[in-house]
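Please have a look at the model below, and then at my notes on its side-chain pairings.

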Amino acid sequence: MKITEQVAQFAKPIVEEKGCTLWDVEYVREGAERYLRIYIDKDGGVDINDCEAIHRAVDPILDAEDPIAESYHFEVCSAG
């Protein structure tokens with residue numbers, strides 16, 4: 001299973017619990033850095049508080065599940 005699929009599997013229920021929709025999960029390399037990004041959306045739009053709440057909820061699960069061996073930056077972003 002791909003990293004993005006693994007992350008989507010455990011992130012989706014958390015995102016939905018916070019009143020949002022999981023739009024996409026992306027794992028990319030930009031220069032020398034790697035980024036794991038979760039894109040979320042909701043009716044009326046996403047704000048910084050939504051992104052922060054989901055980041056705080058998903059981050060400990062990422063640490064526990066450890067789907068990525070190398071170092072990376074984790075971001076939660078608006079889909080729009």
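The points below go through the charged pairs, the rings, the cysteines and one aspartate.

1. A word on the basis of these notes. This is a predicted model, in which local features need pLDDT of at least 70 and side-chain atom pairs count only at pLDDT 80 or more, while totals for chains, interfaces and linings use all residues. Residues are numbered from 1 along each chain as its sequence is written, and side-chain values use heavy atoms, with hydrogens and water left out.

2. Let me begin with the charges. The structure holds six salt bridges, each being a side-chain nitrogen of Lys or Arg within 4 Å of a carboxyl oxygen of Asp or Glu. One of them joins Arg 37 to Glu 26, at 3.3 Å from N to O. Because Arg 37 lies in strand β2 (residues 33-41) and Glu 26 in strand β1 (residues 21-30), this pair ties together parts that are 11 residues apart in sequence. Strands here are DSSP runs of E with at least two residues, and helices are runs of H or I with at least four, numbered from the N terminus.

3. The cut-offs are under 20% relative accessible area for buried, over 50% for exposed and partly exposed in between, with a 1.4 Å probe and protein chains only.

4. Arg 37 also lies over the face of Tyr 35, at 4.6 Å from the ring centre. The criterion is NZ of Lys or CZ of Arg within 6 Å of the ring centre and within 35 degrees of the ring normal.

5. A further salt bridge sits within a helix. Glu 52 and Arg 56 meet at 2.7 Å, N to O; being four residues apart in helix α2, they are separated by about one helical turn. Glu 52 is partly exposed at 38%, and Arg 56 is exposed at 59%. Elsewhere, salt bridges that share partners join Glu 26, Glu 30, Arg 37 and Glu 75 into one network.

6. What does a search for aromatic pairs find? There is one in the whole structure. The rings of Trp 23 and Tyr 39 have centres 6.3 Å apart and planes at 75 degrees, so the pair is edge-to-face. Rings of Phe, Tyr and Trp (its six-membered ring) pair if their centres lie within 6.5 Å, with planes under 30 degrees apart stacked, over 60 edge-to-face and the rest tilted. Trp 23 is exposed at 55%, but Tyr 39 is buried at 17%.

7. On the cysteines, the search finds zero disulfides, meaning pairs of cysteine sulfur atoms within 2.5 Å. The sulfur closest to that of Cys 20 belongs to Cys 51, 7.8 Å away and too far for a bond. For Cys 51, the closest is in Cys 77, at 6.6 Å, again too far. Cys 20 is buried at 4%, and Cys 51 is buried at 10%.

8. Lastly, Asp 50 lies in helix α2 (residues 48-65) and is buried at 13%. Leaving aside neighbours within four places in sequence, Asp 50 is in contact (heavy atoms within 4.5 Å) with Cys 20, Ile 40, Lys 42 and Gly 45.
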